[in-house]
Amino acid sequence: MKPLLDINRLNIDYQSNKKEFNIIKDINIQIDEKMKYGIVGESGSGKSLTSLAILNLLPDALKVDQGHIKLNTDSTKDLITLSKKEMRKIRGNDIAMIFQEPMTALDPVYTIEYQLLEVLKIHKNYSKKEMHQKGLDMLNKVGISRSEQIMKAYPHELSGGMRQRVMIAMALICEPKLLIADEPTTALDVTIQAQILDLMNDLSESHHTAILMITHDLGVILETCERVAVMYAGQIVEESTVENIFEEAAHPYTKGLLSSIQSLGERSNELYSIPGNVPTPDNYQELGCRFATRCPFAMDKCYEQEPPMFEVQDDHASKCWLHVEEAQDDERRTSRAG
Ligand code: SF4
Ligand code: MG
């Protein structure tokens with residue numbers, strides 16, 4: 001069966017008259033129907049750009065240089081090649097998105113009702129009365145009780161958690177096949193965060209919606225996703241099931257991210273973080289591994305040759321030269337035992 005979304009060898013470049021450099025390199029992601037898939041990485045890793053590419057909303061200076069993004073619903077469409085008009089039919093209807101800061105995504109001058117029903121007006125053919133009822137039902141589903149009253153309210157009259165519930169209602173009202181959620185709970189406090197993640201989980205199950213969760217927080221991935229791609233400096237460095245990543249992380253960068261959430265869980269005062277910062281795209285290692293400047297295990301080879309994705313176990317890939325060394329060690333051990 002074809003995956004719902006198939007991102008294949010996606011490359012994105014920055015192009016201006018003065019400069020050209022690569023930003024996103026060789027991204028491969030397959031999301032099946034109803035699957036919950038996570039992309040995790042620090043800010044600057046390229047995860048949000050990947051989601052903007054899916055929606056055909058990249059800023060002007062960024063160009064898809066190679067690859068395709070196929071959406072398999074009733075027919076197969078390559079989202080990269082669609083016209084603006086064709087893309088508008090897909091956005092909100094087949095693919096919806098929720099953002100980190102609902103205050104900036106909601107328009108302050110329109111009521112919740114107006115904004116909630118706007119996507120329905122574009123994509124569906126309902127009477128006024130039907131639309132109003134759909135709006136009320138959707139608000140109830142996202143746990144908003146005084147829905148008649150909230151429909152008449154303006155965004156500034158609601159709390160951050162309520163606004164995020166409204167955003168989820170707006171995103172799901174057309175029953176999309178795929179929901180892209182970019183840091184959907186980052187701006188919220190911890191208890192509200194947990195409620196919103198639970199709500200997204202429940203709704204994706206009852207509406208059969210696949211989720212692409214984009215976050216810097218591996219804890220959020222653990223709560224919500226089945227599979228995860230770890231991104232660093234515009235590339236996927238590790239990809240597998242959430243279980244494999246948490247139990248047997250293979251890439252040094254993933255291990256670094258994991259120790260930062262583990263130290264959070266232990267409530268230690270010293271929060272571990274990976275030393276250094278994600279390089280900016282114009283400073284990516286031309287050759288070798290893009291993580292080399294921050295990696296505690298970097299060898300000469302890491303600065304000279306880019307590691308490929310190695311299959312470290314069934315259904316688990318990691319982009320690091322250490323796996324060659326490990327394989328050789330295993331071989332030596334086996335031949336000694338033999
Ligand atoms: Fe570190 Fe080298 Fe592996 Fe890159 S390839 S993560 S620098 S050990
Ligand atoms: Mg981002």
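**Note on the predicted model: sheets, core and ligand shell**

1. In strand β8, leucine 212 is the bridge partner of isoleucine 180. Five bridges join β7 to β8 (residues 210–215), and the two run parallel. Strands here are DSSP runs (E) of at least two residues, helices are runs (H or I) of at least four, and both are numbered from the N terminus. Two strands pair if DSSP finds at least two bridges between them.

2. Some conventions apply throughout. Residues are numbered from 1 along each chain as its sequence is written, while chains are lettered from A and ligands numbered from 1 in the order in which they are written. The model is predicted: local features need pLDDT of at least 70, side-chain atom pairs count only at pLDDT 80 or more, and totals for chains, interfaces and linings use all residues.

3. On its other pairing, β7 meets β6 in the parallel sense over four bridges, with methionine 97 opposite isoleucine 180 of β7. Five of the five residues of β7 are buried, where buried denotes 20 or more other C-beta atoms within 10 Å of a residue's own, exposed 12 or fewer, and partly exposed the range in between, with C-beta atoms placed from the backbone. Both faces of β7 are covered, by Leu178, Ile180 and Asp182 on one side and by Leu179 and Ala181 on the other.

4. These strands belong to an open sheet of eight, with mixed pairing and the order β6-β7-β8-β3-β9-β10-β12-β11. Since β6 (95–98) and β11 (310–313) stand at the edges with a single partner strand each, one side of each is left without a neighbour in the sheet. From one strand to the next the twist averages 20°. Further along, β10 (residues 235–241) and β12 (residues 316–318) run antiparallel and are joined by two bridges; glutamate 239 has alanine 317 of β12 as its bridge partner.

5. Helix α7 lies across β6 and β7 (178–182) and runs at about 170° to β6. Axes are lines fitted to C-alpha atoms, for helices over the stretch in contact, and angles run from 0 to 180 degrees between N-to-C directions. Contact requires C-beta atoms, placed from the backbone, within 7 Å. Alanine 171 touches Ala96, Met97, Ile98 and Leu179, leaving aside residues up to four places away in sequence.

6. The largest nonpolar core holds 81 residues, of which Ala169, Ala171, Leu212 and Val230 touch the most other members. Helix α7 (residues 160–172) gives the most to this core, with eight residues. Such a core is a set of buried Ala, Val, Leu, Ile, Met, Phe, Trp, Tyr and Cys residues joined through C-beta atoms within 7 Å.

7. A second open sheet has four strands in the order β2-β1-β4-β5, with antiparallel pairing. Its edge strands, β2 (20–31) and β5 (76–78), each pair on one side only. The twist averages 10° from one strand to the next. Strands β1 (residues 5–15) and β4 (residues 62–72) pair over eight bridges, and aspartate 6 stands opposite lysine 70 in β4. Helix α1 (residues 47–54) packs on this sheet, touching β1, β2 and β4, and its direction makes about 70° with that of β2.

8. Ligand 1 is surrounded by 13 residues, the closest being Cys289, Cys295, Ala298, Cys302 and Cys320. The shell comprises 13 nonpolar residues, no polar and no charged.

How values were computed:
Near = placed C-beta within 6 Å. Nonpolar A, V, L, I, M, F, W, Y, C, P; charged D, E, K, R; others polar. Contact = placed C-beta atoms within 7 Å.
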